[in-house]
Amino acid sequence: DDSLLSALIGELEDMGFRVSAVDSILDGLMARQGLYGAHAPDDLASSDLDRGLEVVRAIGGMDVGQAAVVQQGMVLGIEGVEGTDALIRRCGELKKEGPGGILVKIKKPDQDWRADLPTGGVETVVAAITTGLRGIAFEAGAALIIDEAEMIREADDAGLFLIGI
């Protein structure tokens, strides 16, 4: 989809339009570095987060997806065309006993900043809580965060960590 979106942007610009990135229009939506809310990843979650980053960078380089769920070192799923919410639901059916998984969501390595940035919002947090995930990591400066205050409230109430990496 990144190739298609880049081609579409190119066509629009060839027609004289200027395509702008959302962060240049709507201030304050980009993920920031650090913890959001009251909960932090423990050592196992940090390890799962590192594994998730490795996986998402690999699939992003192949223009497959922007997210993965890792639980206790095992990749439960990667995002494809179905999107993040479907990934989370699918991984809820695959989870193992013990500490829940981590959703890692980052921009594809060569992704055009003006189209399809990774996005998280309240629906993402609620889906993560419902399926037993225990944390979500977004790429600081390269992911959009929608309704941050409500996301934090939902996450804090459920014991879920949110982090900009």
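The following dialogue examines how terms are applied to this predicted model.

Reader: What makes up the protein chain, and in what pattern does the chain run along the sequence?
Author: The protein chain has five helices and eight strands. Read along the sequence, these elements follow the pattern α-β-α-β-β-α-β-β-α-β-β-α-β.

Reader: What order do the strands of the open sheet take?
Author: Six strands form the open sheet, in the order E1-E8-E6-E4-E2-E3, and their pairing is mixed. Strand E1 (34–36) and E3 stand at the edges; each has a single partner strand, so one side of each is left without a neighbour in the sheet. On average, neighbouring strands of this sheet are turned by 25° against each other, direction ignored.

Reader: How do you know that E1 and strand E8 count as paired?
Author: The requirement is at least two bridges between the strands. E1 and strand E8 (residues 161–164) have three bridges, in the antiparallel sense. Therefore E1 and E8 count as a pair. One of the residues involved is Tyr36, whose bridge partner in E8 is Leu162.

Reader: Which helices pack on this sheet?
Author: Helix H2 (residues 43–61) packs on the sheet and touches E2, E3, strand E4 (102–105), E6 and E8. The direction of H2 makes about 145° with that of E2. Helix H5 (residues 148–158) also packs on the sheet, where H5 touches E1, E6 and E8. The direction of H5 makes about 140° with that of E8.

Reader: What makes strands E2 and E3 a pair?
Author: Four bridges join strand E2 (residues 67–71) to strand E3 (residues 74–78), and these strands run antiparallel. Because at least two bridges are needed, E2 and E3 qualify. Ala68 stands opposite Ile78 in E3. The hairpin of E2 and E3 has two residues between the strands, and Gln72 takes a positive phi near 50° there.

Reader: Why is Gly52 called buried?
Author: A residue counts as buried under 20% relative accessible area. Gly52, which is found in helix H2, has 0% relative accessibility and therefore counts as buried. Leaving aside neighbours within four places in sequence, Gly52 is in contact with Val70 and Val104. Gly52 and Gly73 are 21 residues apart in sequence, and their C-alpha atoms are 8.7 Å apart in space.

Reader: Why does Thr131 count as buried, and where in the chain is its place?
Author: The place of Thr131 is in the loop between helix H4 (122–130) and strand E6 (135–138). Its relative accessibility is 12%, and since the limit is 20%, Thr131 counts as buried. Beyond its neighbours within four places in sequence, Thr131 is in contact with Ile88, Arg89, Gly92 and Lys95.

Reader: How do you know that Thr131 makes a polar contact with Ala128?
Author: A polar atom of the side chain of Thr131 lies 3.4 Å from the backbone oxygen of Ala128. The cut-off is 3.5 Å, so this distance is within the limit.

Reader: What makes Arg32 lie over the face of Tyr36?
Author: Arg32 is placed at 3.9 Å from the ring centre of Tyr36. As for aromatic pairs, the structure holds zero.

Reader: How much of the protein chain counts as buried, and what share of contacts joins residues at least 24 apart?
Author: Of the 165 residues of the protein chain, 42% count as buried. Among contacts between residues at least 6 apart in sequence, 74% join residues at least 24 apart.

Note on methods. Residues are numbered from 1 along each chain as its sequence is written. This is a predicted model: local features need pLDDT of at least 70, side-chain atom pairs count only at pLDDT 80 or more; totals for chains, interfaces and linings use all residues. Side-chain values use heavy atoms; hydrogens and water are left out. Rings of Phe, Tyr and Trp (its six-membered ring) pair if their centres lie within 6.5 Å; planes under 30 degrees apart count as stacked, over 60 as edge-to-face and the rest as tilted. A charge sits over a ring if NZ of Lys or CZ of Arg is within 6 Å of the ring centre and within 35 degrees of the ring normal. Buried means under 20% relative accessible area, exposed over 50%, partly exposed in between (1.4 Å probe, protein chains only). A polar contact is a pair of N or O atoms within 3.5 Å; within protein, one must be able to donate a hydrogen and the other to accept it, and residues adjacent in sequence count only if both atoms are side-chain atoms. Contact means heavy atoms within 4.5 Å. Axes are lines fitted to C-alpha atoms, for helices over the stretch in contact, and angles run from 0 to 180 degrees between N-to-C directions.
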